[in-house]
Amino acid sequence: MALRTACYGTVRWLLQSMRNDHLPGDLETWQLRVRWLVQSGMWDKAWKETMEALPQLQTLAEGGKLVHKVTGELPLSIWMEFFKTMKDGTTQMRPRRQKTPTLNTQVAMPLRSTPPHDSSYLYATRYHTLMNNRPTIIPEDLTKTPPRVIYNAVSIMLNVGQANKALSFFKSYLECLPPSITMSRRKVCLDILHLLVAKWSSQTGLRRLYETRRMMVSLLLIYPTLRPTSTTLFLLLAPLYRAKRCGTVAANVMRAFKRDYGAATEDRRVRRRVVILALKEGRMDIAHKILRAEQSARAWRSINRVTGVAANPLPGRLRRLPTQTIFRHSGQEERLWCSTLSHLFPNLYQKSGDDDTKGPGGTTHMLARAVIVDYRGRIIFDKYVLPTVPVTDYRTAMTGITAEDFTPGNTWRFQAVQQYIAQLLDKKILVGHSTWNDLSVLGIPHLAVNTRDVALYKPFRNALRSPHQIVGLQTLAWQLMCRRCQEGPHHPVENARVAMDLYRSDAENWESAISKNNWPCSLPPSTFSRCYY
């Protein structure tokens, strides 16, 4: 209990009390002493004392029966204890008050050793030391070894580059396990499997995927009680990033996993990885199919978080889950999904153009019309953009766009619009409101010093007493020019002209400040830094 709770002072006192009372120790007592020294960060001391006491260890008995009879070998139970690592909190520098003979000051002395700086070299040295003194592996002793010790041993073997020895060692451990084990031991065995899968998946390529899968199946055949999880599938798909037909193969592997090991092997992380691989291959059909599955699962998760039972449409009461349960890893998975969706639908937002609703469920905004005007407000470019996915809602009340507006003569493909605007804006000054949305939707970076964004212009913000907030175009037009806009359906030509007129109202001071190397604008959101160079 003292070792489990890291009360190493209590462990020292108990061992010292046994020595003072002349109580004989057995093999388990020495095993606990080695565990205490290793977890305290005194690995070298534990090894030195063990090698000095090796003749005694070979004669120690447990329950009246001789445990080890091989001369010159460590008992397996003690040898496995050296694969443990320091427990968290054992490397802290605790102050020990000690007065020096010359100065009336107090010196802080460390109670335990500090962590090593070069852990890889240290692990390699310890590993070779243990391998040179490796005992004969007895199945009965290996079964009694705690699974976390096996995990540490496999982890150290992988860290020093002995992947094949780690695999054979774990196979020997699985062969010694009884038919039924506890849930905690099964979980640790699955963690060891994930270590091996992650190591085998560190290299990319389709061939590496098949090698990793064969290795995993060989381990599962040895002990069929182990069942892969979504983490196993997530790690298994890693080698496909630089493989041909990565999206197709990933979808097939996910489908096979669901068939063999159940639907629980597919979660948000797996779906996100399959979507990324499908986008790399250009399989938009696979990406949209996985996206529909994710939206459906997200809807059921929302119901389950509120009601507690996803299948009950009329809950009797509501419940409040902990925030860490709802937003796992500080919302990291949600941020990664947003990044993936921005690649799946690159034209997600458009300020000066109208947008309609497309995609599965009608929740994705896409570009429908692009407009560019010159300094005098004359229209230079005004085209509708051909939808890339089926449209579910044109949002006519806001945009004024209907399906009849997309006529063949007035509609361009998105790639053609992107290329034309990129050539048009080359070495030109871009004026607009929240221009990072326009550049992000088009996938076109622009020179930062040639950008004039009225949403970031500090004099406009200070005039409205909002120095740290982005003010909308409608508010800027009304407060600074007494001009109304966006009252009915939004018209991109009107929005572009209003932004240009706002710039022209203070263009002289704006350009004067820039010529004096005094940039008068705030920085855009950091998430859109790729839109400028």
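Leaving aside its neighbours within four places in sequence, which residues is His-446 in contact with? Notes on this predicted model follow.

1. **His-446.** His-446 sits in the loop between helix H20 (435-442) and strand E10 (451-453). Setting aside neighbours within four places in sequence, its contacts are Leu-425, Lys-428, Leu-430, Leu-439, Thr-451, Cys-531, Tyr-532 and Tyr-533. The relative accessible area of His-446 is 5%. Buried means under 20%, so His-446 counts as buried. Its side chain also reaches the backbone oxygen of Asn-450, at 3.4 Å.

2. **The largest nonpolar core.** This core has 50 residues. Val-154, Phe-170, Leu-196 and Leu-240 touch the most other members. The elements giving two or more residues to the core are helix H8 (147-159), helix H9 (163-176), helix H10 (183-200), helix H11 (206-222), helix H12 (230-236), helix H13 (246-261), helix H14 (268-281) and helix H15 (284-307). H10 gives the most, with eight residues.

3. **Leu-240 and the second core.** Take Leu-240, and leave out neighbours within four places in sequence. Leu-240 is then in contact with Leu-206, Leu-209, Cys-246, Val-249, Ala-250 and Leu-277. A second core is separate and has 37 residues. Among them are Leu-367, Leu-439, Ala-477 and Cys-531.

4. Three strands form an open sheet in the order E5-E6-E8. Its pairing is mixed. E5 and strand E8 (411-412) are the edge strands, and each pairs on one side only. E5 (residues 369-373) and E6 (residues 379-385) pair in the antiparallel sense, over five bridges. In E6, Asp-382 is the bridge partner of Val-371, and Phe-381 is the bridge partner of Ile-372. E5 and E6 make a hairpin with five residues between them. Gly-377, in the turn, has a positive phi of about 90°.

5. **Both ways out of E5.** Is E5 mostly covered or mostly open? It is mostly covered: five of its five residues are buried. In a regular strand the side chains alternate between the two faces of the sheet. Here, Arg-369, Val-371 and Val-373 point one way from E5. Ala-370 and Ile-372 point the other way. Arg-369 is buried along with the rest.

6. **Helices across the sheet.** Helix H19 (residues 414-425) lies across E5, E6 and E8. H19 runs at about 160° to E6. H23 lies across E5 and E6, at about 35° to E5.

7. **Helix H22.** In H22 (residues 473-481), Leu-473, Leu-476 and Ala-477 are buried. They cover an arc of only 95° around the axis, which puts them on the same side of H22. An α-helix has 3.6 residues a turn, so residues three or four places apart point the same way. The buried residues of H22 pack against helix H21 (458-463) and helix H23 (492-505). Ala-477 is also one of the residues of the second core. After H22 comes Cys-482, with a positive phi near 50°.

How values were computed:
Residues are numbered from 1 along each chain as its sequence is written. This is a predicted model: local features need pLDDT of at least 70, side-chain atom pairs count only at pLDDT 80 or more; totals for chains, interfaces and linings use all residues. Side-chain values use heavy atoms; hydrogens and water are left out. Buried means under 20% relative accessible area, exposed over 50%, partly exposed in between (1.4 Å probe, protein chains only). Helices (H or I, at least four residues) and strands (E, at least two) are DSSP runs, numbered from the N terminus. The arc is that of the directions from the helix axis to the C-beta atoms. Contact means heavy atoms within 4.5 Å. A nonpolar core is a set of buried Ala, Val, Leu, Ile, Met, Phe, Trp, Tyr and Cys residues joined through side-chain atoms within 4.5 Å. Two strands pair if DSSP finds at least two bridges between them. A polar contact is a pair of N or O atoms within 3.5 Å; within protein, one must be able to donate a hydrogen and the other to accept it, and residues adjacent in sequence count only if both atoms are side-chain atoms. Axes are lines fitted to C-alpha atoms, for helices over the stretch in contact, and angles run from 0 to 180 degrees between N-to-C directions.
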